[in-house]
Every structure is written in C-alpha cells, then in structure tokens.
Amino acid sequence: MKITDVTTLIVYAYRTNWTFVQIHTDEGITGVGEATLEYNEQALLGAIEDIKPYLIGQNPLDIEAHYARIYRDRYFRGGPVFMSALSAVETCLWDINGKSLGVPVYRLLGGKCRDRIKIYANGWFANASKPEEFARQAVQACERGIRALKWDPFGKAYLTLTNAELDKALQCIGAVREAVGSEVDLLIEGHGRFNIPTAVQVARELEPFKPLFFEEPIAPDYMEGLGQVKERSRIAIAAGERLYSKFEFRDLLAREAVDFIQPDVSHAGGIMECKKIAAMAESYHIPFAPHNPSGPVANAATLQLAACVPNFYILEIMLTDVPWRSGLTDESLILEDGCLRIPDKPGIGITIDEEEARRYPWKPVQLRHYTGELTAIRPPEAVPYF
C-alpha cells in the first residue's frame, strides 16, 4: 500500500475551526485525523503541507518509523503547530492500519481494558451568565444522564481576582453543587489564567465544593509554579492540554506537578504518543484524563485510547455544539449511566462527509466571545449532538 495524497478540510465551528486531515492510498483506504488548533489554522495548513512531500509514496502501515523520521527531521521541532500537524497525520495512519485489517485501532494497541468510559461534559452551559442559569442547565444535563460537569466560572479575570470576582465565581459553583447534589462530579477550569498566589487562594476556596479537580490553574509555561500550587492545594490539580510531546510530559511528571494528566490527541503527537504518555503517567500512579473539546474526529481517536489505556480515568466531551456537527461525519455515540460506549468499527470508527464539510468554510474566530462576565463561549444556536 502507498500513500497517494494528503488533503485537509477546515470547518467553521463558531468557537473555533475544526481542521481535519485525510491521507489517501492507492488501495482506496482513506485515513482521517484531526489537528484542530484554535486561531492557528493557516499556520497549521502550512505545517501539513511541509510534511506531505515525505508521506507521498510511503507505506502508511509503518507508523512508528514515519513518526520518528518526521519528528527527527524537523530541526525546529515541537510546539503546537508542528505537533498538531504531526498528531493528525499519525492518527490518519492508525486509521488506515485499522481499516486495512478490519479492526478498531484499540485492537492493535493491546485490546480493550473496558467497554465504556465515564465522561464529563463541557459545553452544557450554553449562554448561561448567572449562577441560577448555570444551576438550571446543570440539572438539565444531569437529566440527560451526565454525571460530571466542567466549566470556567471566573469570567474575564486574569492573573488576580478581586474579592467580588471570587465571590461571584463561588456563588456560581455553589449554585451548581446545590442543584445537582453530591453524587455529580464538578470539575473547575482555570484556563491557565492565574498567578500562583491567586491559584492557591482559589484552590482553597474550592474545597467545600469537593471538585474532582482544578484544571490548569496557572499558565503551562512554568511547571515548577504548577508544582507549587499542587503542593499547597488540598484539591487535585490537572494540566497538560498545552504540552506537545512525551518529552514535555516527562518534565511535568518528574516535577510531580499534577494529580491528573491531560494530553490532547490532536496536539501531543497522536494516538501512540498519547498511549506512551499515559504509560509514563501510570508509572507515577497518575490517572489519564485527556483534553477533548474539539471535533468529532478527535473524539473518535480519543475513544480508542479510552478503550486500551489502563489508567484512563475520565473523558471530556462537548455536550452541545454547532447544529451542523451531526452531519459532518457518521459519529454515533451511545451514553449509558454517564458513560460512553467504546465503538467497534474499523480504524478510529469515523468517516467525513466532505460535501457537507465544505458547506461551512473557515472563518476567523476571536479568542473571546463573552457578552457577560460568566457567559459561556458557545454559539447561540448550540444544540445537543448525541
């Protein structure tokens, strides 16, 4: 089998643009991957084009060799753009491999550890801006079978919080906790926005609400500082969505700076690289909870990891998204008791409707769409998609 072409599709999705990659072969098998990288689509396309000449004519089944050569031969390696491009390519190759053998990718990575995985919902709070609105939508999500909820209650705050800003965030969290009760896990997102003393203060104030974890309390470029926050926090700390290889995760783990590790299959090197990162975390007895707020192809790839990674703990998923998400692929998700079933289709189990994808071409997206201090970054027409 030989690779004949590498193509891309960019689909506007309101808060971002999903970037899909397809690798085509002379046997008619096409592999799909996702490289969604918010606000960097044009640079990302260039990185994929840089990789393409190497791939043409290669046997797509030699995944480890191609990954190693592409990474090795990029003198200025690493970083979000190159690694996202490489991640999507690597996922495409695994998809081709699974499809060529008629088996899901997890079968090629050691087989199933489980048939389903617990999820936590992101995007459940579309257009909520007041604590009571967040509480109401949290109840609605739980009525649909969700048993864990994540959101960022800190509005526009950056580096520091005034007492009034902190109180408002805590009121929001308190309203959700009271509404859903103690059996639903709450996960609090920090988006890397705070300095160390503020992050420590927030972690202490979150204790009464018993969150599963406090995610990315400080920026990802100071691992020692994250370790300081973890050492001074009595709640669990999660991070890793903005790290881009096993080498960066090695440093994070060595510093004992997190309780949960969160690589993204679209940024951290793809399926095998994330499985290696998970194994590294397992040696530290740290659970694997990957970042997964992107499009349907990234979600499909992450579900393959959910099947075969022993220390996989919980999966992020978007509960609502743009109305056209459901028509872009043949994604079919089954929710049972707060868990998603692992699909058994060959490859990563998903195909793209190219004609439908081209109906929603790239649009520039700004970093923030806030209309109020707590308003979610979600489209006004957001709908449930499974």
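Strands E5 (residues 148-151) and E6 run parallel and are joined by four bridges; two strands pair if DSSP finds at least two bridges between them. This is a predicted model, in which local features need pLDDT of at least 70, side-chain atom pairs count only at pLDDT 80 or more, and totals for chains, interfaces and linings use all residues. Residues are numbered from 1 along each chain as its sequence is written, and side-chain values use heavy atoms, with hydrogens and water left out.

Strands around E6

- Helices (H or I, at least four residues) and strands (E, at least two) are DSSP runs numbered from the N terminus.
- Ala148 has Asp185 in E6 as its bridge partner.
- Four of the five residues of E6 (residues 185-189) are buried, meaning under 20% relative accessible area with a 1.4 Å probe, protein chains only.
- A right-handed β-α-β unit is made by E5, helix H6 (residues 163-180) and E6; right-handed means that, with the strands pointing away from the viewer, the path from the first strand over the helix to the second runs clockwise.
- E6 also runs parallel to strand E7 (residues 213-215), with three bridges joining them.
- The crossover from E6 through helix H7 (residues 196-206) to E7 is right-handed as well.

Second largest pocket

- Its volume, the space filled by probe spheres set on the grid points, which are joined across faces, edges and corners, is about 200 Å³.
- Of its 17 lining residues, Ser332, Leu333, Arg341, Pro343 and Lys345 are the closest to the centre.
- A pocket is an open set of points on a 1 Å grid over the protein atoms alone, where a 1.4 Å probe fits, with protein on both sides within 12 Å along at least five of seven lines; lining residues have an atom within 4 Å of a point.
- Helix H11 (residues 296-308) gives the most to the lining, with four residues.

How values were computed: Buried < 20%, exposed > 50% of the residue type's maximum accessible area, 1.4 Å probe, protein only.
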